[in-house]
Amino acid sequence: MIKKDKILWADDEMDLLRPYILFLQEKGYEVTTSTNGKDAIEHCQNDSFDIIFLDENMPGLSGLETLGQIKEIDPNVPVVMITKSEEENIMDMAIGNKIADYLTKPVNPSQILLTLKKNIHKKEIVSEHTTSSYRSEFSRIGMKINESLSYQDWIDIYKKLVFWELELSQADNSMEELLRIQKNEANNIFSRFIRQRYLGWFDPPQERPLLSPDLFKTKVFPLLDKGEKVFFILIDNFRYDQWKVIQEMLSEFYTVEQEDIYCSILPTATQYARNAIFSGLMPLQMKEMLPDLWVDEEEDEGKNQHEELLLETQIKRFRKNYTFSYNKINDSQTGERLIEQMARYDNYQLNVCVLNFIDMLSHARTDSKMMRELANSENAYRSLTLSWFKHSATGELFRAIAIRGYKVVLTTDHGTIQVANARKVIGDRNTNVNLRYKVGKSLSYSKKDVFEISRPSKAGLPSPNVSSTYIFACGNDFFAYPNNFNHYVGYYKNTFQHGGVSMEEMLVPIITMEPKI
C-alpha cells in the first residue's frame, strides 16, 4: 500500500476551504484540518505531517505564535504561511521563523500544487529529471570519450563528468553506478592519451598544455606586473570537484574572473608537482640548477621544505623585484594567527599560503578506521572538504583576504583518486613507497598495466641511478608487492592516493577571483 502524504491545514475559515480539501484528497493526499492554532499544535504533538498550511491571522494564537510552537515540536516540517496581506514585517518574522513558503489569499489550486511539489516532491522530481537528463547525455559523453584527440577535449569531458557526478549525488537513483563505469572508461582512455602525448610535451618542447612549472609565469606574474595585490593560495591535493562544492560559499566574497584547468606533471606528488610550481622548473632542472634545494627519493628530509626559497629563485630568474610572504597552514590555530596579522601582509605585493588539510585528510583516511568510515565514498570525501571549509579558519581566511581587496589565485599541486585494483610490482629495497608511482633500477611489472618512462630525462625527471625507470599506475590501479599481497590489497583498496595517471590527479583547477567586498 502506497503511503499518502499527510497535510495539516489550520485556518479559522475552514468551511470556505472545503473545495480545496476535497481537491487535495482527490489528488491522493491525507488532509487533517484545524480551525485554530491550539488545535493545530495538539495535532502536531500527536501525529507527524509532511507539510503544514498555516493561516497567519487566526483568533487566539496567531499564525506566527503557532508557527513557533510547531517548530519546537518538529523543527524540520515545512510550514507554508497563508496571509491576507504582504506586510513586510509579517513576512520578515515568518521567514525568520524558517517558513518553507508563503501564499497570499485568495489561494488557488495551482498555487497549492506548486507548493506541494516544491516542498514534498522536490527530491523525487529533481531525481527523475536528473536521471533522465544524464541518461540522454550518456551516449554523447561516451562518443566524446572515444573520439577525444586533444588535451582540451579531455578538459571538456572531465568537467562534464564532474558536473553529472555532483548532480547525481544529490538525486536518489541508481545512475551513479553507470556514471562510475563511464568515468572508469574515460580514465582508461585518458591514460592511453597520456602514454601517447606526455613525452611530446617536453623533448622537443612542442605545443603543450599549461603545466605545473608555468603557473606563476602565466597566472601570477602578469597580475603583479599590472599592480594587483595578489594572494596565491595552494590547497594541497585539491580536485576540480572539490572546488565546485566550495565555489558557492566563496561566491559570497568573490567573483570568479577565470576558471581554468591545468595539467599537473608526473609524478603527481608533492616532491615533483608542487616544487615545480614554486621553482618554475621541471624536477630534473631543479636538481641540476638548485642542487641544495632538491631532495632525492631515498633521503629522509621532507620533500616540501624549500618552497619559499624555490619561489625566490623563480622571481629572481625572471628578473622581478616582487616582495612576497610565504605561510604554510597545517591547522586552524596557524590560520587564525594569519587572519589576526592580516594587516602586516599589506606590505607585500604577493602573499603565498599553502593549506595542507585535504592532503592530511587523504592520508588520515588511509591510516584511520574512523576516517575510512567518514570518507567511505567520493561524495563523503567532498562533504568532508566542504565541512572543513565551513568550520575551520579557512573560510574566514578567504573572507579576510577579500575585505583587504586582494585578488586571489587559488590552485593545487595535484588531485587524488580512490584506488580499487592492485597491480603487482617487484622492486629492490631502494624503491620508493608511493602506491601510484615507482622509481627504481630493478623494477618488475606488467608493461601493459602501467605508463613506463624508461628515459626519465625525456620527461624532465632525474634518475637516482643510471638505469632508473619510472612507472605510473593508471586509472584507479595501485601498486602492491607480492609479499603478503592480500593483506596489502585489503588495507589500501578504496583509499585516496596520488602520484599516477588519472583525470582526477592531473586535471586540476586554477582559479582567479576578484573580491566583492
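Predicted model: local features only at pLDDT ≥ 70, side-chain atom pairs only at ≥ 80, totals over all residues.
How many disulfides does the count come to? The count is zero.

Select Cys 263. Its sulfur lies 13 Å from the closest cysteine sulfur, that of Cys 474, so the two are too far apart for a bond; a disulfide would need the sulfur atoms within 2.5 Å. Cys 263 is buried, with a relative accessible area of 0%. Now select Cys 44, which is also buried, at 10%.

Next, colour the open sheet of five strands. Going across it, the order is β2-β1-β3-β4-β5, and the pairing is parallel. The edges are β2 (30–34) and β5 (101–104), each of which pairs on one side only. On average, neighbouring strands are turned by 20° against each other, direction ignored.

Zoom in on β1 (residues 6–10), which five bridges join to β2. Select Ile 7 there: its bridge partner in β2 is Val 31.

Helix α2 (residues 37–46) lies across β1, β2 and β3 (51–55), and runs at about 140° to β2. Helix α5 (residues 109–119) packs on the sheet as well, touching β1, β3, β4 (79–83) and β5. The direction of α5 makes about 135° with that of β3.

Last, go to helix α20 (residues 503–506) and select Glu 504. Is Glu 504 buried or exposed? Glu 504 counts as buried, at 3% relative accessibility. Its side chain has a polar contact of 2.9 Å with that of Asn 187 and another of 3.4 Å with that of Lys 183. Other residues that Glu 504 touches include Tyr 158, Arg 239 and Thr 416.

Note on methods:
Residues numbered from 1 in each chain as written. Heavy atoms only, no water. Buried < 20%, exposed > 50% of the residue type's maximum accessible area, 1.4 Å probe, protein only. Helix = DSSP H or I, 4+ residues; strand = E, 2+ residues; numbered from the N terminus. Polar contact = N/O pair within 3.5 Å; in protein donor to acceptor, adjacent residues only side chain to side chain. Contact = heavy atoms within 4.5 Å. Pairing = 2+ DSSP bridges. Axes fitted to C-alpha atoms, helices over the stretch in contact; angles between N-to-C directions. Lists of a residue's contacts leave out its neighbours within four places in sequence.
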